[in-house]
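Please keep the sequence and the model open while reading.

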Amino acid sequence: MLDTDTKRRIDTARDILVGKVPDPKSQVEQITIALIYKFMDDMDAESEELGGKRKFFTGDYARYGWAKLMAPSLGGHEMLGLYGEGIAKMPENPGIPPLFRDIFKNAYLPYRDPETLKAFLKIIDEFSYDHSERLGDAFEYLLSVLGSQGDAGQFRTPRHIIDFMVEVLAPQKSETILDPACGTAGFLISAYKHILRSNSSSPSPIANVACDLPLAGEGRGEGAAHRPGDLLTPDDKGRFAKNFKGYDISPDMVRLSLVNL
């Protein structure tokens with residue numbers, strides 16, 4: 001469930017960008033890139049706290065870590081250079097999976113105003129995620145600013161229509177689900193949630209089913225019976241997660257769909 005603080009932060013981030021980035025889709029893209037950048041650093045920090053190691057910002061890429069980016073001693077122009085260089089080089093980072101490399105592909109900073117970037121990153125710094133579902137709540141609200149009609153004739157289907165159509169189609173775990181004009185991947189996510197619900201030992205309301213991709217080695221230990229999709233074996237999850245295919249005419253939409261998924 002989207003909380004008021006998250007909504008306020010996203011609205012503030014858009015207000016900061018609007019003078020330099022007037023196009024709503026570009027605003028969404030810039031906020032998306034910054035959120036993922038921060039989210040990767042949060043995951044690195046959590047890994048260290050649990051006794052593990054960083055994997056996203058290591059080696060030559062350690063200099064782009066969020067703490068270094070937000071250091072009080074860093075000047076505005078230095079921050080501008082470091083962040084712009086960081087998002088541009090992230091697709092080459094060997095420590096991040098292909099999904100993240102695709103998200104950062106062709107990413108760039110469309111303005112060169114240090115004060116705008118400093119105010120923008122200060123708001124992004126207020127976001128803290130210990131679970132991807134919270135990132136999903138923020139991103140879903142962010143996508144709502146795009147409106148219903150795209151610039152290439154795309155139409156964003158309302159959520160209740162998507163869920164109704166998926167319920168009628170009733171996709172199964174062994175089937176391939178294709179959306180040839182996926183937009184922000186709403187149909188694919190709804191289909192994924194449907195399969196989880198239909199393979200659960202207890203029914204789960206649509207709104208409460210998280211859409212996290214299966215984690216490697218995810219088990220079925222204590223508490224698993226209360227998780228959507230608990231009747232799916234690890235092999236089931238591995239196979240059916242590969243059955244989701246999506247395409248879109250807009251590279252920007254592909255980027256947003258990857259983050260949404």
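## Basis

This is a predicted model in which local features need pLDDT of at least 70 and side-chain atom pairs count only at pLDDT 80 or more, while totals for chains, interfaces and linings use all residues. Residues are numbered from 1 along each chain as its sequence is written, and side-chain values use heavy atoms, with hydrogens and water left out.

Side chains of opposite charge can pair when their charged atoms come close. The whole structure contains 14 salt bridges (a side-chain nitrogen of Lys or Arg within 4 Å of a carboxyl oxygen of Asp or Glu).

One of them joins Arg 8 to Glu 126, at 3.5 Å from N to O. Arg 8 belongs to helix H1 (residues 4–17) and Glu 126 to the loop between helix H6 (114–124) and helix H7 (132–143), so this pair ties together parts that are 118 residues apart in sequence. Helices here are DSSP runs (H or I, at least four residues), numbered from the N terminus. Glu 126 also forms a salt bridge with Arg 9, at 3.2 Å from N to O.

Arg 8 is partly exposed, at 39% relative accessible area, and Glu 126 is partly exposed at 34%. Arg 9 is buried, at 17%. Buried means under 20% relative accessible area, exposed over 50%, and partly exposed in between (1.4 Å probe, protein chains only).

## Glu 29 and Arg 255

In the salt bridge of Glu 29 with Arg 255, the closest N and O atoms are 2.8 Å apart. Glu 29 sits in helix H2 (residues 24–49) and Arg 255 in helix H11 (residues 251–260), so the pair ties together parts 226 residues apart in sequence. Glu 29 is buried, with a relative accessible area of 13%, and Arg 255 is buried at 7%.

## Packing of H2 and H11

H2 and H11 pack at an angle of about 40°, and their axes are 11 Å apart. The axes are lines fitted to C-alpha atoms over the stretch in contact, and angles run from 0 to 180 degrees between N-to-C directions.

Lys 25, Val 28, Glu 29, Thr 32 and Ile 36 of H2 meet Asp 252, Met 253, Arg 255, Leu 256 and Val 259 of H11 (contact means heavy atoms within 4.5 Å).

Note on methods:
Helix = DSSP H or I, 4+ residues; strand = E, 2+ residues; numbered from the N terminus.
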